[in-house]
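Colleague: I'm new to reading protein models. Could you walk me through one, feature by feature?

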Amino acid sequence: MNINYDLARYKYDMEKCVGCKGCVWVDHIYMPSVEFGIKCASNIYNPFDAYAYVGRSKIGLAVLAGRLDYSDKLLDVIYKCNLCGACDAGCKRNLDLELLSVLESLRAKCVADGKGPLPAHKAVADHIEASGNRFGAPRKNRLQWLSPAAVSQGADLIYFPGCAASYLDNSIARATVEILKRSGQAFATLADQDYCCARPLLDAGLIDAAKKVAESNIRAFAATGAKTILTSCAECYKTWKVDYPKLLSKSTQDMPYTAMHLSEFVDDQLEKGKLRFTRQVPLRATWHDPCNLGRLSEPWNHWEGNRGKFGLLDKPKEYRRGTHGVYKAPRNILSQIPGMELVEMPRIRENTLCCGAGGGVREAFRDYARKIGEKRMTEAGSIAVEAVVSGCPYCKENFNNVRSPSEKGIKVYDLSEIVLMSLAD
Ligand code: SF4
Ligand code: SF4
(Lines give C-alpha, C1' and ligand atoms only; values in the text may rest on other atoms or scores of the structure.)
(Ligands and ions follow the chains in the order given, each with its own letter.)
Protein backbone atom coordinates (compact mmCIF):
# COMPACT_ATOMS: atom_id res chain seq x y z
CA MET A 1 0.00 0.00 0.00
CA ASN A 2 1.40 3.39 -1.04
CA ILE A 3 1.96 5.32 2.20
CA ASN A 4 0.30 8.51 0.87
CA TYR A 5 -2.89 6.71 -0.24
CA ASP A 6 -3.37 4.45 2.79
CA LEU A 7 -6.73 5.32 4.36
CA ALA A 8 -5.66 3.80 7.69
CA ARG A 9 -2.91 6.44 8.01
CA TYR A 10 -5.56 9.17 7.96
CA LYS A 11 -7.77 7.85 10.78
CA TYR A 12 -7.04 10.91 12.90
CA ASP A 13 -7.91 13.22 9.98
CA MET A 14 -11.34 11.59 9.79
CA GLU A 15 -11.97 11.26 13.54
CA LYS A 16 -11.17 14.84 14.44
CA CYS A 17 -13.70 16.55 12.16
CA VAL A 18 -15.80 18.73 14.46
CA GLY A 19 -18.69 19.25 12.05
CA CYS A 20 -18.23 23.02 11.61
CA LYS A 21 -18.72 22.83 7.78
CA GLY A 22 -15.82 25.14 7.00
CA CYS A 23 -15.19 22.54 4.28
CA VAL A 24 -18.50 23.37 2.60
CA TRP A 25 -18.85 27.12 2.87
CA VAL A 26 -16.73 29.92 1.48
CA ASP A 27 -14.50 31.40 4.21
CA HIS A 28 -16.74 33.32 6.60
CA ILE A 29 -14.40 36.31 6.70
CA TYR A 30 -15.40 37.23 3.20
CA MET A 31 -18.60 35.30 2.55
CA PRO A 32 -19.78 37.02 -0.63
CA SER A 33 -23.46 36.09 -0.49
CA VAL A 34 -25.73 33.20 0.29
CA GLU A 35 -26.16 32.50 -3.42
CA PHE A 36 -22.41 32.04 -3.92
CA GLY A 37 -21.62 30.85 -0.41
CA ILE A 38 -20.87 27.17 -1.09
CA LYS A 39 -17.46 26.11 -2.35
CA CYS A 40 -17.89 22.32 -2.15
CA ALA A 41 -18.97 21.50 -5.71
CA SER A 42 -20.24 18.11 -4.60
CA ASN A 43 -22.64 19.65 -2.06
CA ILE A 44 -24.37 22.12 -4.39
CA TYR A 45 -27.00 19.78 -5.80
CA ASN A 46 -26.77 17.18 -3.01
CA PRO A 47 -26.98 19.31 0.13
CA PHE A 48 -26.44 16.41 2.53
CA ASP A 49 -23.43 15.84 4.74
CA ALA A 50 -22.59 12.62 2.88
CA TYR A 51 -21.85 14.71 -0.23
CA ALA A 52 -19.23 16.81 1.55
CA TYR A 53 -16.11 15.96 3.51
CA VAL A 54 -17.98 16.31 6.80
CA GLY A 55 -19.98 13.18 5.94
CA ARG A 56 -17.35 11.43 3.86
CA SER A 57 -15.05 11.43 6.92
CA LYS A 58 -17.61 9.35 8.84
CA ILE A 59 -18.05 7.11 5.80
CA GLY A 60 -14.28 6.66 5.54
CA LEU A 61 -14.10 5.55 9.16
CA ALA A 62 -16.97 3.11 8.66
CA VAL A 63 -15.41 1.67 5.48
CA LEU A 64 -12.07 1.33 7.26
CA ALA A 65 -13.73 -0.56 10.12
CA GLY A 66 -15.67 -2.77 7.69
CA ARG A 67 -19.00 -1.41 8.99
CA LEU A 68 -20.36 -0.38 5.56
CA ASP A 69 -21.10 -2.43 2.47
CA TYR A 70 -20.18 -1.00 -0.93
CA SER A 71 -23.67 -0.27 -2.27
CA ASP A 72 -24.20 1.66 -5.51
CA LYS A 73 -25.19 4.64 -3.39
CA LEU A 74 -21.97 4.46 -1.41
CA LEU A 75 -19.92 4.45 -4.62
CA ASP A 76 -21.97 7.43 -5.84
CA VAL A 77 -21.10 9.33 -2.66
CA ILE A 78 -17.40 8.45 -2.93
CA TYR A 79 -16.99 9.26 -6.63
CA LYS A 80 -19.39 12.21 -7.02
CA CYS A 81 -16.73 14.55 -5.63
CA ASN A 82 -14.47 16.71 -7.79
CA LEU A 83 -11.37 16.22 -5.61
CA CYS A 84 -11.20 20.00 -5.94
CA GLY A 85 -9.57 20.56 -2.56
CA ALA A 86 -11.87 23.39 -1.46
CA CYS A 87 -12.71 21.41 1.68
CA ASP A 88 -9.02 20.77 2.40
CA ALA A 89 -8.07 24.46 2.19
CA GLY A 90 -11.18 25.45 4.18
CA CYS A 91 -10.64 23.03 7.06
CA LYS A 92 -6.97 24.00 7.37
CA ARG A 93 -8.06 27.51 8.36
CA ASN A 94 -8.81 25.92 11.74
CA LEU A 95 -7.53 22.36 11.89
CA ASP A 96 -4.53 20.68 10.30
CA LEU A 97 -6.46 17.78 8.81
CA GLU A 98 -5.56 16.18 5.46
CA LEU A 99 -8.99 16.07 3.84
CA LEU A 100 -7.94 15.66 0.23
CA SER A 101 -5.63 12.77 1.04
CA VAL A 102 -8.56 11.08 2.84
CA LEU A 103 -10.82 11.47 -0.22
CA GLU A 104 -8.11 10.14 -2.56
CA SER A 105 -7.33 7.25 -0.20
CA LEU A 106 -11.00 6.33 0.07
CA ARG A 107 -11.05 5.78 -3.70
CA ALA A 108 -7.80 3.80 -3.49
CA LYS A 109 -9.47 1.60 -0.84
CA CYS A 110 -12.51 1.05 -3.11
CA VAL A 111 -10.13 -0.19 -5.80
CA ALA A 112 -8.13 -2.32 -3.33
CA ASP A 113 -11.40 -3.89 -2.13
CA GLY A 114 -12.40 -4.69 -5.72
CA LYS A 115 -15.37 -2.27 -5.73
CA GLY A 116 -13.91 0.64 -7.69
CA PRO A 117 -13.47 2.40 -9.97
CA LEU A 118 -16.80 3.08 -11.68
CA PRO A 119 -17.28 1.56 -15.17
CA ALA A 120 -16.75 4.95 -16.85
CA HIS A 121 -13.40 5.33 -15.09
CA LYS A 122 -12.42 1.80 -16.00
CA ALA A 123 -13.15 2.59 -19.67
CA VAL A 124 -10.86 5.64 -19.51
CA ALA A 125 -8.13 3.59 -17.82
CA ASP A 126 -8.45 1.01 -20.62
CA HIS A 127 -8.12 3.80 -23.21
CA ILE A 128 -4.94 5.02 -21.55
CA GLU A 129 -3.44 1.57 -21.52
CA ALA A 130 -4.39 0.84 -25.14
CA SER A 131 -3.76 4.25 -26.75
CA GLY A 132 -1.84 6.38 -24.23
CA ASN A 133 -4.65 8.93 -23.95
CA ARG A 134 -7.89 9.27 -22.01
CA PHE A 135 -10.12 9.48 -25.09
CA GLY A 136 -9.06 6.27 -26.84
CA ALA A 137 -7.99 8.30 -29.89
CA PRO A 138 -5.28 6.87 -32.16
CA ARG A 139 -1.89 7.23 -30.50
CA LYS A 140 -0.26 8.36 -33.77
CA ASN A 141 -2.48 11.47 -33.87
CA ARG A 142 -1.22 12.79 -30.54
CA LEU A 143 1.20 15.46 -31.79
CA GLN A 144 -0.19 15.69 -35.30
CA TRP A 145 -1.15 19.35 -34.83
CA LEU A 146 2.51 20.27 -34.34
CA SER A 147 4.86 21.07 -37.20
CA PRO A 148 8.18 19.22 -36.72
CA ALA A 149 9.94 22.44 -37.78
CA ALA A 150 8.72 24.18 -34.60
CA VAL A 151 10.58 21.73 -32.36
CA SER A 152 14.20 22.22 -31.27
CA GLN A 153 15.67 18.86 -30.29
CA GLY A 154 17.80 19.11 -27.17
CA ALA A 155 16.00 22.21 -25.83
CA ASP A 156 15.93 22.76 -22.06
CA LEU A 157 12.18 23.08 -22.05
CA ILE A 158 9.68 20.36 -22.91
CA TYR A 159 6.13 21.30 -23.86
CA PHE A 160 3.71 18.68 -22.53
CA PRO A 161 0.32 19.45 -24.10
CA GLY A 162 -1.68 16.71 -22.36
CA CYS A 163 -4.56 14.67 -23.79
CA ALA A 164 -7.08 17.53 -23.96
CA ALA A 165 -4.92 19.96 -25.93
CA SER A 166 -3.69 17.10 -28.15
CA TYR A 167 -7.07 15.66 -29.07
CA LEU A 168 -9.94 17.76 -27.71
CA ASP A 169 -8.92 21.37 -28.30
CA ASN A 170 -5.88 21.88 -30.53
CA SER A 171 -6.31 25.66 -30.39
CA ILE A 172 -4.77 25.73 -26.90
CA ALA A 173 -1.74 23.72 -27.98
CA ARG A 174 -1.28 25.77 -31.16
CA ALA A 175 -1.56 29.06 -29.24
CA THR A 176 0.96 27.84 -26.67
CA VAL A 177 3.48 26.89 -29.34
CA GLU A 178 3.03 30.28 -31.03
CA ILE A 179 3.60 32.06 -27.69
CA LEU A 180 6.80 30.07 -27.16
CA LYS A 181 7.92 31.00 -30.67
CA ARG A 182 7.15 34.73 -30.24
CA SER A 183 9.13 34.82 -26.99
CA GLY A 184 12.09 33.12 -28.64
CA GLN A 185 11.87 30.13 -26.33
CA ALA A 186 13.17 26.92 -27.88
CA PHE A 187 11.23 23.82 -26.91
CA ALA A 188 10.99 20.11 -27.59
CA THR A 189 8.32 17.53 -26.76
CA LEU A 190 8.40 13.97 -25.48
CA ALA A 191 7.75 12.99 -29.13
CA ASP A 192 6.63 9.36 -29.43
CA GLN A 193 6.92 9.05 -25.63
CA ASP A 194 4.27 11.75 -25.10
CA TYR A 195 1.56 10.05 -23.03
CA CYS A 196 -1.34 10.80 -20.71
CA CYS A 197 -0.17 12.39 -17.43
CA ALA A 198 -2.15 9.81 -15.39
CA ARG A 199 -4.61 12.28 -13.87
CA PRO A 200 -7.68 10.11 -14.78
CA LEU A 201 -6.05 7.10 -13.11
CA LEU A 202 -5.48 9.06 -9.92
CA ASP A 203 -9.05 10.37 -9.98
CA ALA A 204 -10.31 6.79 -10.28
CA GLY A 205 -8.19 5.60 -7.34
CA LEU A 206 -5.96 3.44 -9.59
CA ILE A 207 -2.82 4.37 -7.70
CA ASP A 208 -0.52 1.55 -8.88
CA ALA A 209 -1.36 2.21 -12.53
CA ALA A 210 -0.82 5.96 -12.02
CA LYS A 211 2.56 5.33 -10.42
CA LYS A 212 3.69 3.25 -13.41
CA VAL A 213 2.72 6.07 -15.79
CA ALA A 214 4.48 8.62 -13.57
CA GLU A 215 7.69 6.59 -13.61
CA SER A 216 7.53 6.09 -17.35
CA ASN A 217 6.83 9.78 -18.06
CA ILE A 218 9.66 10.87 -15.78
CA ARG A 219 12.00 8.44 -17.56
CA ALA A 220 10.94 9.86 -20.93
CA PHE A 221 11.55 13.38 -19.64
CA ALA A 222 14.98 12.47 -18.21
CA ALA A 223 16.02 11.01 -21.58
CA THR A 224 15.60 14.46 -23.18
CA GLY A 225 18.10 16.10 -20.82
CA ALA A 226 15.71 19.05 -20.35
CA LYS A 227 15.14 20.86 -17.06
CA THR A 228 11.60 22.23 -17.31
CA ILE A 229 8.29 20.69 -18.26
CA LEU A 230 5.79 23.30 -19.41
CA THR A 231 2.07 22.63 -19.62
CA SER A 232 -0.94 24.63 -20.72
CA CYS A 233 -3.21 22.28 -18.75
CA ALA A 234 -3.82 22.82 -15.05
CA GLU A 235 -4.51 19.11 -14.55
CA CYS A 236 -1.20 18.02 -16.12
CA TYR A 237 0.62 20.78 -14.20
CA LYS A 238 -0.63 19.64 -10.81
CA THR A 239 -0.03 15.99 -11.69
CA TRP A 240 3.63 16.56 -12.58
CA LYS A 241 4.24 19.01 -9.76
CA VAL A 242 2.30 17.45 -6.88
CA ASP A 243 1.07 13.94 -7.66
CA TYR A 244 4.23 12.45 -9.18
CA PRO A 245 6.26 13.21 -6.05
CA LYS A 246 3.34 12.08 -3.88
CA LEU A 247 3.14 8.77 -5.78
CA LEU A 248 6.91 8.27 -5.50
CA SER A 249 7.16 9.28 -1.82
CA LYS A 250 9.32 12.29 -2.66
CA SER A 251 8.97 16.05 -2.38
CA THR A 252 8.40 18.37 -5.33
CA GLN A 253 11.81 19.96 -4.82
CA ASP A 254 13.51 16.55 -5.19
CA MET A 255 12.07 15.84 -8.63
CA PRO A 256 14.48 15.96 -11.60
CA TYR A 257 12.42 18.68 -13.31
CA THR A 258 10.57 21.90 -12.66
CA ALA A 259 6.91 21.92 -13.66
CA MET A 260 5.74 25.23 -15.09
CA HIS A 261 2.27 26.34 -16.16
CA LEU A 262 1.95 28.57 -19.21
CA SER A 263 0.70 31.42 -17.01
CA GLU A 264 3.96 31.38 -15.03
CA PHE A 265 5.99 31.36 -18.25
CA VAL A 266 4.08 34.26 -19.84
CA ASP A 267 4.19 36.34 -16.65
CA ASP A 268 7.97 35.87 -16.50
CA GLN A 269 8.43 36.71 -20.19
CA LEU A 270 6.35 39.89 -19.84
CA GLU A 271 8.49 40.99 -16.93
CA LYS A 272 11.69 40.33 -18.90
CA GLY A 273 10.28 42.24 -21.89
CA LYS A 274 10.45 39.18 -24.15
CA LEU A 275 6.71 39.30 -24.74
CA ARG A 276 4.76 42.50 -25.29
CA PHE A 277 1.04 43.10 -25.54
CA THR A 278 0.18 45.60 -28.25
CA ARG A 279 -3.21 44.59 -29.60
CA GLN A 280 -6.44 45.69 -27.99
CA VAL A 281 -8.69 42.95 -26.60
CA PRO A 282 -11.74 44.98 -25.62
CA LEU A 283 -13.44 42.60 -23.21
CA ARG A 284 -14.82 42.80 -19.71
CA ALA A 285 -13.44 39.50 -18.45
CA THR A 286 -12.98 37.41 -15.34
CA TRP A 287 -10.40 34.79 -14.41
CA HIS A 288 -11.68 31.40 -13.28
CA ASP A 289 -9.10 29.90 -10.90
CA PRO A 290 -8.78 26.24 -11.94
CA CYS A 291 -8.55 24.09 -8.77
CA ASN A 292 -5.43 22.36 -10.09
CA LEU A 293 -3.61 25.61 -10.82
CA GLY A 294 -4.73 27.40 -7.66
CA ARG A 295 -5.22 25.80 -4.27
CA LEU A 296 -4.05 22.32 -5.37
CA SER A 297 -0.76 23.34 -6.97
CA GLU A 298 1.34 24.02 -3.88
CA PRO A 299 4.47 21.86 -3.78
CA TRP A 300 4.18 18.41 -2.20
CA ASN A 301 6.33 17.89 0.92
CA HIS A 302 6.88 14.24 1.66
CA TRP A 303 6.32 13.32 5.33
CA GLU A 304 6.70 9.93 6.96
CA GLY A 305 6.10 10.82 10.59
CA ASN A 306 3.49 9.43 12.96
CA ARG A 307 0.89 10.83 15.31
CA GLY A 308 1.16 10.12 18.99
CA LYS A 309 -0.98 11.09 21.98
CA PHE A 310 -3.40 13.99 21.42
CA GLY A 311 -2.55 13.82 17.71
CA LEU A 312 0.93 15.25 18.27
CA LEU A 313 3.35 14.69 15.38
CA ASP A 314 6.72 13.08 15.98
CA LYS A 315 8.28 14.99 13.06
CA PRO A 316 7.56 18.53 11.86
CA LYS A 317 5.24 18.71 8.88
CA GLU A 318 4.64 21.49 6.35
CA TYR A 319 0.97 21.75 5.42
CA ARG A 320 -0.38 22.73 2.02
CA ARG A 321 -3.10 25.24 2.74
CA GLY A 322 -3.92 26.41 -0.77
CA THR A 323 -2.75 29.96 -0.17
CA HIS A 324 0.36 29.69 -2.37
CA GLY A 325 -1.24 28.46 -5.56
CA VAL A 326 -0.72 30.17 -8.93
CA TYR A 327 -3.10 33.09 -8.42
CA LYS A 328 -0.97 36.14 -9.25
CA ALA A 329 0.51 35.20 -12.61
CA PRO A 330 -2.73 34.93 -14.63
CA ARG A 331 -4.10 38.10 -13.05
CA ASN A 332 -0.84 39.96 -13.80
CA ILE A 333 -1.12 38.85 -17.42
CA LEU A 334 -4.78 39.70 -17.97
CA SER A 335 -4.50 43.08 -16.26
CA GLN A 336 -1.75 44.10 -18.74
CA ILE A 337 -3.81 43.35 -21.85
CA PRO A 338 -4.79 46.60 -23.56
CA GLY A 339 -8.54 47.15 -23.57
CA MET A 340 -9.30 44.33 -21.15
CA GLU A 341 -11.22 45.09 -17.98
CA LEU A 342 -10.49 42.38 -15.43
CA VAL A 343 -13.13 41.86 -12.76
CA GLU A 344 -13.41 39.19 -10.08
CA MET A 345 -16.14 36.68 -9.40
CA PRO A 346 -17.34 36.30 -5.80
CA ARG A 347 -15.57 32.93 -5.38
CA ILE A 348 -11.85 33.28 -6.10
CA ARG A 349 -8.44 31.85 -5.15
CA GLU A 350 -8.77 29.22 -2.36
CA ASN A 351 -12.54 29.71 -2.44
CA THR A 352 -12.94 29.14 -6.16
CA LEU A 353 -15.74 26.84 -7.30
CA CYS A 354 -14.60 23.88 -9.40
CA CYS A 355 -15.73 24.07 -13.04
CA GLY A 356 -17.42 20.71 -12.41
CA ALA A 357 -15.24 18.55 -14.65
CA GLY A 358 -12.50 17.54 -12.21
CA GLY A 359 -11.98 14.46 -10.07
CA GLY A 360 -13.37 12.03 -12.63
CA VAL A 361 -16.87 13.60 -12.39
CA ARG A 362 -16.76 14.59 -16.07
CA GLU A 363 -16.21 10.95 -17.03
CA ALA A 364 -18.72 9.27 -14.70
CA PHE A 365 -21.41 11.94 -14.21
CA ARG A 366 -21.37 14.13 -17.32
CA ASP A 367 -24.70 15.85 -16.61
CA TYR A 368 -23.74 16.55 -13.04
CA ALA A 369 -20.46 18.12 -14.20
CA ARG A 370 -22.43 20.34 -16.59
CA LYS A 371 -24.79 21.46 -13.83
CA ILE A 372 -21.89 22.54 -11.61
CA GLY A 373 -20.38 24.42 -14.54
CA GLU A 374 -23.70 26.13 -15.05
CA LYS A 375 -23.53 27.44 -11.47
CA ARG A 376 -20.10 28.92 -12.20
CA MET A 377 -21.35 30.56 -15.40
CA THR A 378 -24.27 32.03 -13.45
CA GLU A 379 -21.71 33.49 -11.08
CA ALA A 380 -19.83 34.99 -14.04
CA GLY A 381 -23.13 36.37 -15.30
CA SER A 382 -23.68 38.06 -11.93
CA ILE A 383 -20.71 40.36 -12.55
CA ALA A 384 -21.79 41.07 -16.12
CA VAL A 385 -18.68 39.85 -17.93
CA GLU A 386 -18.32 39.20 -21.63
CA ALA A 387 -15.68 36.52 -21.17
CA VAL A 388 -14.48 33.87 -18.74
CA VAL A 389 -10.79 32.98 -19.05
CA SER A 390 -9.25 29.85 -17.59
CA GLY A 391 -5.99 27.94 -17.73
CA CYS A 392 -7.29 24.42 -18.14
CA PRO A 393 -8.79 22.80 -21.26
CA TYR A 394 -11.30 20.88 -19.15
CA CYS A 395 -12.69 24.09 -17.61
CA LYS A 396 -13.05 25.53 -21.10
CA GLU A 397 -14.80 22.43 -22.43
CA ASN A 398 -17.14 22.13 -19.46
CA PHE A 399 -18.11 25.82 -19.52
CA ASN A 400 -18.74 25.67 -23.26
CA ASN A 401 -20.97 22.63 -22.80
CA VAL A 402 -23.03 24.05 -19.99
CA ARG A 403 -23.83 27.58 -21.03
CA SER A 404 -27.47 28.19 -20.20
CA PRO A 405 -29.51 30.50 -22.42
CA SER A 406 -29.21 33.43 -20.01
CA GLU A 407 -25.42 33.31 -20.15
CA LYS A 408 -25.14 32.89 -23.92
CA GLY A 409 -23.41 36.23 -24.24
CA ILE A 410 -20.37 35.02 -22.28
CA LYS A 411 -17.44 33.66 -24.25
CA VAL A 412 -15.03 31.14 -22.80
CA TYR A 413 -11.31 31.37 -23.56
CA ASP A 414 -8.17 29.64 -22.53
CA LEU A 415 -5.43 31.97 -21.31
CA SER A 416 -3.21 30.93 -24.24
CA GLU A 417 -5.80 32.19 -26.75
CA ILE A 418 -6.22 35.56 -25.02
CA VAL A 419 -2.45 36.07 -24.73
CA LEU A 420 -1.97 35.31 -28.41
CA MET A 421 -4.73 37.77 -29.39
CA SER A 422 -2.83 40.63 -27.76
CA LEU A 423 0.76 39.81 -28.74
CA ALA A 424 2.70 41.88 -31.24
CA ASP A 425 3.44 40.04 -34.48
S1 SF4 B 1 -14.09 22.12 8.12
FE2 SF4 B 1 -12.96 20.37 8.93
S3 SF4 B 1 -13.71 20.18 11.02
FE4 SF4 B 1 -15.19 21.46 9.97
S5 SF4 B 1 -16.76 20.03 9.20
FE6 SF4 B 1 -15.27 20.28 7.56
S7 SF4 B 1 -13.79 18.61 7.87
FE8 SF4 B 1 -14.96 18.81 9.76
S1 SF4 C 1 -12.90 17.81 -2.84
FE2 SF4 C 1 -14.28 19.46 -3.49
S3 SF4 C 1 -16.15 18.43 -4.17
FE4 SF4 C 1 -14.98 16.93 -2.95
S5 SF4 C 1 -15.75 17.12 -0.85
FE6 SF4 C 1 -13.98 18.47 -1.01
S7 SF4 C 1 -14.84 20.47 -1.57
FE8 SF4 C 1 -16.44 18.93 -1.98
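Predicted model: local features only at pLDDT ≥ 70, side-chain atom pairs only at ≥ 80, totals over all residues.

Colleague: How do I read a ligand's surroundings, and which residues surround ligand 1?

Modeller: A residue is near a molecule if one of its heavy atoms lies within 4 Å of it. For ligand 1 the shell is made of Cys17, Val18, Gly19, Cys20, Lys21, Gly22, Cys23, Tyr53, Val54, Cys91, Leu95 and Leu99. Sorted by class, that shell holds 9 nonpolar, 2 polar and 1 charged residues. In this sorting, Ala, Val, Leu, Ile, Met, Phe, Trp, Tyr, Cys and Pro count as nonpolar, Asp, Glu, Lys and Arg as charged, and the others, Gly among them, as polar.

Colleague: And how many residues surround ligand 2?

Modeller: There are 13, and the closest are Cys40, Arg56, Cys81, Cys84 and Cys87. Helix H2 (53–64) and helix H4 (86–91) are the elements that give two or more residues to this shell. Helices (H or I, at least four residues) and strands (E, at least two) are DSSP runs, numbered from the N terminus. The shell around ligand 2 splits into 9 nonpolar, 3 polar and 1 charged.

Colleague: What describes two packed helices?

Modeller: The angle between their axes and the distance between the axes. Axes are lines fitted to C-alpha atoms, for helices over the stretch in contact, and angles run from 0 to 180 degrees between N-to-C directions. Take H2 and helix H5 (residues 99–112): their axes come within 10 Å and cross at roughly 45°. That is why H2 counts as oblique to H5. As for the words, angles under 35 degrees are roughly parallel, over 145 roughly antiparallel, 65 to 115 roughly perpendicular, and the rest oblique.

Colleague: Which residues of H2 and H5 meet?

Modeller: Contact means heavy atoms within 4.5 Å. On the H2 side there are Tyr53, Arg56, Gly60, Val63 and Leu64, and they meet Leu99, Val102, Leu103, Leu106 and Lys109 in H5. By class this contact has 7 nonpolar, 1 polar and 2 charged residues.

Colleague: At what angle do helix H10 (residues 207–224) and H11 pack?

Modeller: At about 115°, with their axes 9 Å apart. That makes H10 roughly perpendicular to H11. Ile207, Ala210, Lys211, Ala214, Asn217, Ile218 and Phe221 in H10 meet Trp240, Tyr244 and Leu247 in H11. The classes here are 8 nonpolar, 1 polar and 1 charged.

Modeller: Now try helix H15 (residues 366–382) and helix H16 (residues 393–402), whose axes come within 8 Å and cross at roughly 85°. H15 is therefore roughly perpendicular to H16. Their contact residues divide into 4 nonpolar, 3 polar and 5 charged.

Colleague: What about sheets? In what order do the strands of the 4-strand sheet come?

Modeller: Two strands pair if DSSP finds at least two bridges between them. The order is S5-S4-S6-S7, in an open sheet with parallel pairing. Strand S5 (341–343) and strand S7 (411–414) stand at the edges with a single partner strand each, so one side of each is left without a neighbour in the sheet. Strand S4 (residues 284–287) pairs with S5 in the parallel sense over 3 bridges. Arginine 284 stands opposite glutamate 341 in S5.

Modeller: Another open sheet has 3 strands in the order S1-S2-S3, also with parallel pairing. Strand S2 (residues 228–231) is joined to S3 by 4 bridges. Threonine 231 has histidine 261 in S3 as its bridge partner. Helix H12 (residues 262–271) packs on the sheet and touches S2 and S3, its direction making about 80° with that of S3.

Colleague: Which residues does the cis peptide bond join?

Modeller: Glycine 116 and proline 117, with omega about -5°. Proline 117 sits in the loop between H5 and helix H6 (119–131). One more backbone detail: arginine 349, a residue other than glycine, has a positive phi near 50°. Arginine 349 lies in the loop between S5 and helix H14 (361–364).

Terms used: Residues numbered from 1 in each chain as written. Chains lettered and ligands numbered in written order. Heavy atoms only, no water.
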